[in-house]
Amino acid sequence: MREKKDALHQLWRQLPFFVWLVALWMLLWGQFTIVAFLTGLIAAVIVTRVFRLPPVQLSGRLNLWYGLVFVVTFFAALVRGSLLVAWQVVDVRRQPSSAVIAVHLRTDDDLIMTHTAVTASLIPGSLIVEADRDRRILYLHVIGIDSDDDVEALRKSILGWEARIVRAAGSRAQLEMIRTASVDTPRQGGTPV
């Protein structure tokens, strides 16, 4: 009886990833039909059974308000980053400079690190070139960096994204770690300057 309960608990914890695989399949094919759903279901079963990975442990905590804050600020950063990159391309007065910057994350969770790296890469003007999992360092290639102040602003920006992700879906211990790190201002977590 105990084994059955543990199996159901593990299935319940992995259900969001299974649903995500089906949704990803439908998005990749660009079809939201019954056939796409069924083939996505088959693909998800094959992927989860053939390529057995250790289960990802979710925090079990989801804050919808901070999730909404993350989404809204992310879309604002996308627009701002797009405009900045577009301006750097058409500004003939100067060639945009670039740099590779190391950002040491505060949390030690692979999922938070992955979400932070994806968020940083999706905002125009920056791209993750390497992630050092053991030391929790993200290396970013960034355009438009002209001074040491720009480098520090970018580091604070990436740490701000990490803080937003932790506030939305991190564990209570991670949330406490972020709170003690004092990343509270709206400027921390924007797009690179």
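This is a predicted model: local features need pLDDT of at least 70, side-chain atom pairs count only at pLDDT 80 or more; totals for chains, interfaces and linings use all residues.
User: What is the strand order in the open sheet?

Analyst: The order is β1-β3-β2, three strands with antiparallel pairing. The edge strands, each pairing on one side only, are β1 (98-104) and β2 (126-132). From one strand to the next the twist averages 25°.

User: How many bridges join β1 to β3?

Analyst: Seven, with β3 covering residues 137-143 and the two strands running antiparallel. Within that pairing, H104 stands opposite I137 in β3.

User: And how many bridges do β2 and β3 pair over?

Analyst: Six, again in the antiparallel sense. A131 stands opposite L138 in β3.

User: What do β2 and β3 form, and which residue in the turn has a positive phi?

Analyst: They form a hairpin with four residues between the strands. R136 is the turn residue with a positive phi, about 60°.

User: Which helix lies across β2 and β3?

Analyst: Helix α4, residues 110-122. It runs at about 155° to β2.

User: Changing topic: which residues make the nonpolar surface patch?

Analyst: W20, L24, L27, L28, W29 and F32 make it, and the patch is about 740 Å².

User: Where is L24 found?

Analyst: L24 sits in helix α1, which spans residues 2-29.

User: Why does L24 count as partly exposed?

Analyst: Because its relative accessibility is 32%, and partly exposed is the class between buried, under 20%, and exposed, over 50%.

Methods: Residues are numbered from 1 along each chain as its sequence is written. Side-chain values use heavy atoms; hydrogens and water are left out. Patches are made of residues with over 30% relative accessible area and no salt bridge: like charges are joined within 9 Å, nonpolar side chains (Val, Leu, Ile, Met, Phe, Trp, Tyr) within 5 Å. Accessible areas come from the Shrake-Rupley method with a 1.4 Å probe; for residues, only the protein chains shown count as cover. A salt bridge is a side-chain nitrogen of Lys or Arg within 4 Å of a carboxyl oxygen of Asp or Glu. Buried means under 20% relative accessible area, exposed over 50%, partly exposed in between (1.4 Å probe, protein chains only). Two strands pair if DSSP finds at least two bridges between them. Axes are lines fitted to C-alpha atoms, for helices over the stretch in contact, and angles run from 0 to 180 degrees between N-to-C directions. Contact means heavy atoms within 4.5 Å.
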